[in-house]
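These are my notebook entries on a single chain, written while I looked up one element after another.

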Amino acid sequence: MNIIIEFNPSAFKHKKSEADIRRAFDTAIYDGWFNEGKGQDMDKYLLIGFDKNGNPLEVLYNMIDNKTINVFHAMECRNIFHHLLE
């Protein structure tokens, strides 16, 4: 099944492109529920993948429905998530 990816403007705050984010989804090595930080929302997910240059990228998103996700954060993978790269 193809997933539709929608992007909040905040997804580009850290200068990552739509192509970088889509590539991270294609190369995901971790994709799971995210319950850290503000708002501990049950509908928040963390994905770790690689941008088009091969750099690790962290992406936060919400599920809208079975076929659609909403990306609201993307940036170079921070040290706190490096253990997920192993």
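Entry 1, the cover of the helix. I looked up what lies over the buried residues of H1, and found that the cover includes E1, E3, E4 and E5. The buried residues of H1 are Asp20, Ile21, Ala24 and Phe25, where buried means under 20% relative accessible area, exposed over 50% and partly exposed in between, with a 1.4 Å probe and protein chains only. Seen down the axis of H1, these buried residues fall within an arc of 140°, so they line one face of the helix; the arc is that of the directions from the helix axis to the C-beta atoms. I noted beside this that an α-helix has 3.6 residues a turn, so residues three or four places apart point the same way.

I am reading a predicted model, in which local features need pLDDT of at least 70 and side-chain atom pairs count only at pLDDT 80 or more, while totals for chains, interfaces and linings use all residues. Residues are numbered from 1 along each chain as its sequence is written, and side-chain values use heavy atoms, with hydrogens and water left out. Helices (H or I, at least four residues) and strands (E, at least two) are DSSP runs numbered from the N terminus.

I traced an open sheet of five strands in the order E1-E5-E4-E3-E2, with mixed pairing; two strands pair if DSSP finds at least two bridges between them. Strand E1 (4-7) and strand E2 (30-33) stand at the edges with a single partner strand each, so one side of each is left without a neighbour in the sheet. On average, neighbouring strands of this sheet are turned by 30° against each other, direction ignored. H1 (residues 18-26) lies across E1, E3, E4 and strand E5 (68-76), running at about 85° to E4. For these angles, axes are lines fitted to C-alpha atoms, for helices over the stretch in contact, and the values run from 0 to 180 degrees between N-to-C directions.

Entry 4, pairings around E3. Strand E3 (residues 45-50) runs antiparallel to strand E4 (residues 56-65), and six bridges join them; E2 and E3 are also antiparallel, joined by four bridges. I followed Leu46 to both sides, where Leu60 in E4 stands opposite it and Gly32 likewise stands opposite Leu46. E3 and E4 form a hairpin with five residues between them, and Gly54 in the turn has a positive phi of about 85°.

Which residues have the most contacts inside the largest nonpolar core? They are Ile21, Phe25, Val59 and Val71, in a core of 13 residues, a nonpolar core being a set of buried Ala, Val, Leu, Ile, Met, Phe, Trp, Tyr and Cys residues joined through side-chain atoms within 4.5 Å. E1, H1, E4 and E5 each supply at least two residues of this core. Apart from it lies another core of eight residues, among them Phe34, Ile48, Phe81 and Leu84. Thr68 lies in strand E5 and is buried, with a relative accessible area of 8%; leaving aside its neighbours within four places in sequence, Thr68 is in contact with Ile4, Glu6, Asn62 and Met63. Thr27, in the loop between H1 and E2, is buried at 19% relative accessible area. With neighbours within four places again left aside, Thr27 is in contact with Ile48, Gly49 and Phe50, and its C-alpha atom is separated by 9.4 Å from that of Gly54, 27 residues apart along the chain. Pro9, in the loop between E1 and H1, is exposed, with a relative accessible area of 70%.

I found four aromatic pairs in the structure. Phe7 and Phe12 form one that is tilted, with 5.6 Å centre to centre and 35° between the planes. Rings of Phe, Tyr and Trp (its six-membered ring) pair if their centres lie within 6.5 Å, and planes under 30 degrees apart count as stacked, over 60 as edge-to-face and the rest as tilted. Phe12 is partly exposed, with a relative accessible area of 31%, and Phe25, Tyr45 and Tyr61 form one aromatic cluster.

Methods. Contact means heavy atoms within 4.5 Å.
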